[in-house]
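Walk me through this structure. Take the pocket, then the helix packing beside it in the account, then the ring pairs.

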Amino acid sequence: MQGNLMSRRNFVGAAAATAATVAAFSLTGCGSNGSSDAKEDKAETKALSGTITAVGSTALQPLCEAAAEQFMEKNSGVQITVQGGGSGQGITQITQGAVQIGNSDVFAEAKVKDTADLEKIADNKVCIVGMGPIVNKDVTVDDLTIDQLKSIFTGEVTNWKEVGGADAAITVINRASGSGTRATFEAAVLGDTKIPDTFKPQEQDSSGTAAKMVASTPGAISYLAFSYYDDTVKALKVGGVEPKETNVEDNSWTIWAYEHMYTAADPDEATKAFIEYMMSDDVQGELVEAQGYIPVSGMKVEKDASGKVTKK
């Protein structure tokens, strides 16, 4: 723009135009180009249109909803609907082509039975989520070891006094079997230990409902993504380690997962643009941390589909 303006001034000067003519010509030229640029920007904004449905992980849902709102403000022709349902639901629906995005706390390899389905989808790791045990605020225990957690979530320990707390029954609140949060928690805490068929704790379909149940049930324990932590429940340390983002980054806190947004291998234009927005500075540099997640760029370790953790 500035280059064009200067060349016009030189031309008018060479033609011996008056200073007033130069100023008027410059003002007219600048106003004309500015209007053209504005029209082009407006046309580019209107060019992107479509409907996107994102289904799956409730752990990722708050971030996905917040990013979707921002994206739609910038792209009025795109409508994004974000739903929960669990990671298993997200993977199933994206492999079936029923939605544009399948949100998941776990790698698709852990959920897909037919490996040919993996070729239909593309993985986008948009952030990291830390997860950990939470209890009702009347529970006096502040710290549990992995072994103590394992004993509680397999039904071996049923009273808080057995792990240093008051004489009160433990109420275990699990997530449903398709939950990626549950899969991540059990992989880190239970390992290969199977839950006895005789132990049947109650299950909740969403992180939000699990949080409400723990808050309202004396002696209750469950697990949540850090993004759901608030002052209605108490977050526990594990083995003396605090549930903090910095501890996740170096794997001192071992209960964490990538948040995946799976798309079709060849997504439509609007979906591709939304994923690109998820990886932009607007989201990675601001929204991710503001919502209680961890940017992938901050991790000092990485994890593969088998769960193996290595230093970067």
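**From pocket to helix pair**

Start with the largest pocket, which is lined by 22 residues. Nearest its centre lie A183, T184, A187, K303 and G307. Keep in mind that this is a predicted model.

Which elements give two or more residues to the lining of the largest pocket? They are α6 and β12, the latter spanning 256-264. The volume of the largest pocket is about 430 Å³. By class, its lining has 12 nonpolar residues, 6 polar ones and 4 charged ones.

Two packed helices are described by the angle between their axes and the distance between the axes. Helix α6 covers residues 180-189 and packs with helix α5, residues 146-153. The angle is about 125 degrees, and the axes are 9 Å apart. Angles over 145 degrees would count as roughly antiparallel, and 65 to 115 as roughly perpendicular. The helices α5 and α6 are therefore oblique to each other.

Which residues make the contact? From α5 come I146, L149, K150 and F153. From α6 come F185, A188 and V189. By class, this contact of α5 with α6 has 6 nonpolar residues, 1 charged residue and no polar residues.

Next, the rings. A pair of aromatic rings is described by the distance of the centres and the angle of the planes. The structure holds 9 aromatic pairs. F153 lies in helix α5 and F185 in helix α6, so the pair ties together parts that are 32 residues apart in sequence. Both phenylalanines also belong to the α5 and α6 contact.

Key
Residues are numbered from 1 along each chain as its sequence is written. This is a predicted model: local features need pLDDT of at least 70, side-chain atom pairs count only at pLDDT 80 or more; totals for chains, interfaces and linings use all residues. Side-chain values use heavy atoms; hydrogens and water are left out. Axes are lines fitted to C-alpha atoms, for helices over the stretch in contact, and angles run from 0 to 180 degrees between N-to-C directions. Helices (H or I, at least four residues) and strands (E, at least two) are DSSP runs, numbered from the N terminus. Angles under 35 degrees count as roughly parallel, over 145 as roughly antiparallel, 65 to 115 as roughly perpendicular and the rest as oblique. Contact means heavy atoms within 4.5 Å. Ala, Val, Leu, Ile, Met, Phe, Trp, Tyr, Cys and Pro count as nonpolar, Asp, Glu, Lys and Arg as charged, and the others, Gly among them, as polar. On a 1 Å grid over the protein atoms alone, a cavity is a set of points where a 1.4 Å probe fits but cannot get out, and a pocket is an open set with protein on both sides within 12 Å along at least five of seven lines; lining residues have an atom within 4 Å of a point. Grid points are joined across faces, edges and corners, and a volume is the space filled by probe spheres set on the points. Rings of Phe, Tyr and Trp (its six-membered ring) pair if their centres lie within 6.5 Å; planes under 30 degrees apart count as stacked, over 60 as edge-to-face and the rest as tilted.
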